[in-house]
Amino acid sequence: MKRFGIALAALIASAVSAHAQQTPVATGVSTQQNTTFVEAGRLLADPSNGVVQRDKTLVIRGNQVVEMRDGFVGDPSQGKVVDLRQAFVLPGLIDSHVHLTGQQNPNARLEEVTLSDADQAMVGARYARRTLMAGFTTVADLGASNQAIFALRNAVRNGDVPGPRIIAAGSSVSIHGGHGDINGYREDVMHLLSSESICSGPEDCMRAVRTQVRAGADIIKITATGGVLSNTAAGLNQQFSDDELAAIVGSAHRMGRQVTAHAHGVDGINAFLRAGGDSIEHGTYLDDQSIRLFKSNGAWLIPTLLAGDFVARIASGPDNFFTPAQTAKALEAGPKMLDMARRAHEGGVKIAFGTDSGVSAHGDNAQEFALLVRAGLSPLEAIQAATVGAAEHLRIANEAGKIAVGMPADIVAVLGDPLTDVTELERMRFVMKSGVVYRAD
């Protein structure tokens with residue numbers, strides 16, 4: 001595969017360090033005033049049609065694709081030439097559910113009270129880079145300290161930190177004592193850590209939504225049911241009342257924000273969909289009525305199968321670091337998620353790719369593809385879920401999800417054919433975001 005890769009001497013002025021996979025190949029180099037030619041041997045530019053084109057050259061100026069030419073016609077005299085002639089090239093991937101500012105580990109509960117918002121932003125910078133290097137050029141972060149995640153989002157946007165484009169929810173809207181609230185500490189500690197997005201009653205929940213919009217939320221994330229990793233034996237069923245759900249959805253929509261709901265229990269799933277919610281994260285106990293509501297509402301399901309697989313493995317393994325309440329819920333919910341996704345897919349529910357990374361390890365996001373295929377999706381359908389589907393779900397189809405003239409140059413590549421073996425996407429070889437090369441193995 002000697003032709004795979006790029007002429008690094010033409011791309012950067014100095015040799016790549018031993019840390020090339022942790023730092024952008026083009027560190028300190030902007031393509032704003034330059035042209036880059038990406039020569040692609042196999043190109044899945046628009047996953048919605050599944051057409052793989054052969055021997056194409058993408059012309060990139062600044063951060064945009066400006067032309068797509070037949071043949072390998074990169075001109076070194078006119079700009080940099082990226083040789084991906086032996087590679088399979090596709091759009092930058094999208095993960096619709098991550099938590100960049102932390103990651104589950106034996107010290108996770110201690111970190112809740114030892115890491116400041118600034119600390120969490122720095123941790124998030126590490127995981128943002130790791131996620132980008134795995135080929136994910138866009139993510140939706142669905143639950144983090146407002147100050148930490150909004151600062152990280154802005155730093156990435158301004159080019160100060162390498163990472164994927166971040167659509168940020170900030171703090172989840174939750175009931176007092178619910179999955180999104182602080183649980184399992186002394187009462188005075190919980191009082192200090194609880195956020196303004198915790199609410200009780202329709203009026204208060206409208207206030208919480210508006211507070212999040214004022215703080216800078218791109219999307220509203222709520223916890224419609226109990227959750228696996230909240231340290232409380234409150235189950236996995238509905239937690240908001242129907243009136244509270246209606247108030248949340250209505251107030252968010254009036255302020256131009258979509259609402260996505262963490263939801264495991266079928267009562268919470270269906271109540272949220274009846275209230276007009278836009279998408280469900282997890283969906284573990286959905287039923288036939290749920291599927292009808294998804295389809296009639298045009299709502300999206302983000303199955304987060306990797307999270308279910310991870311918590312079940314930890315809870316049943318010899319090094320389980322979950323609390324007893326977490327362990328019981330992990331063993332209950334985790335093993336059910338594959339079958340849930342299979343039933344949803346067979347029922348025609350729209351599925352967007354999301355991992356809940358931060359539960360599982362950041363950088364392992366692409367392991368979700370194999371789980372989606374085990375749940376009955378074809379490799380192409382799994383790729384569509386992480387490109388055009390996720391872009392439609394997150395309402396960014398004009399800036400992500402495919403490679404097209406006029407769109408940002410978010411481009412990734414692998415050696416093998418992911419339409420034959422979707423695990424190829426776990427072995428990312430090339431990452432370009434907005435015209436800048438961050439990885440070129």
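This is a predicted model: local features need pLDDT of at least 70, side-chain atom pairs count only at pLDDT 80 or more; totals for chains, interfaces and linings use all residues.
Biologist: Why is the link between Cys199 and Cys205 called a disulfide?

Modeller: The sulfur atoms of Cys199 and Cys205 lie 2.4 Å apart, and a pair of cysteine sulfur atoms within 2.5 Å is a disulfide, so the name applies to this pair. The structure holds 1 disulfide.

Biologist: What makes the disulfide of Cys199 and Cys205 right-handed?

Modeller: The torsion about its S-S bond is about 90 degrees, and therefore the disulfide is right-handed.

Biologist: How many aromatic pairs does a search of the whole structure find, and why is the pair of Phe353 and Phe369 called tilted?

Modeller: The search finds 2 aromatic pairs. The rings of Phe353 and Phe369 have centres 4.5 Å apart and planes at 40 degrees; rings of Phe, Tyr and Trp (its six-membered ring) pair if their centres lie within 6.5 Å, and planes under 30 degrees apart count as stacked, over 60 as edge-to-face and the rest as tilted, so this pair is tilted. Phe353 is in the loop between strand S15 (350-351) and helix H13 (367-374), and Phe369 is in helix H13, so the pair links distant parts of the chain, 16 residues apart; helices (H or I, at least four residues) and strands (E, at least two) are DSSP runs numbered from the N terminus.

Biologist: Are Phe353 and Phe369 buried or exposed?

Modeller: Phe353 has a relative accessible area of 0%, so Phe353 is buried, and Phe369, at 0% relative accessibility, counts as buried too. Together with Phe136, Phe353 and Phe369 form one aromatic cluster.

Biologist: How do you know that the charged end of Arg126 sits over the ring of Tyr127?

Modeller: That charged end is 5.0 Å from the ring centre, and a charge sits over a ring if NZ of Lys or CZ of Arg is within 6 Å of the ring centre and within 35 degrees of the ring normal.

How values were computed: Residues are numbered from 1 along each chain as its sequence is written. Side-chain values use heavy atoms; hydrogens and water are left out. Buried means under 20% relative accessible area, exposed over 50%, partly exposed in between (1.4 Å probe, protein chains only).
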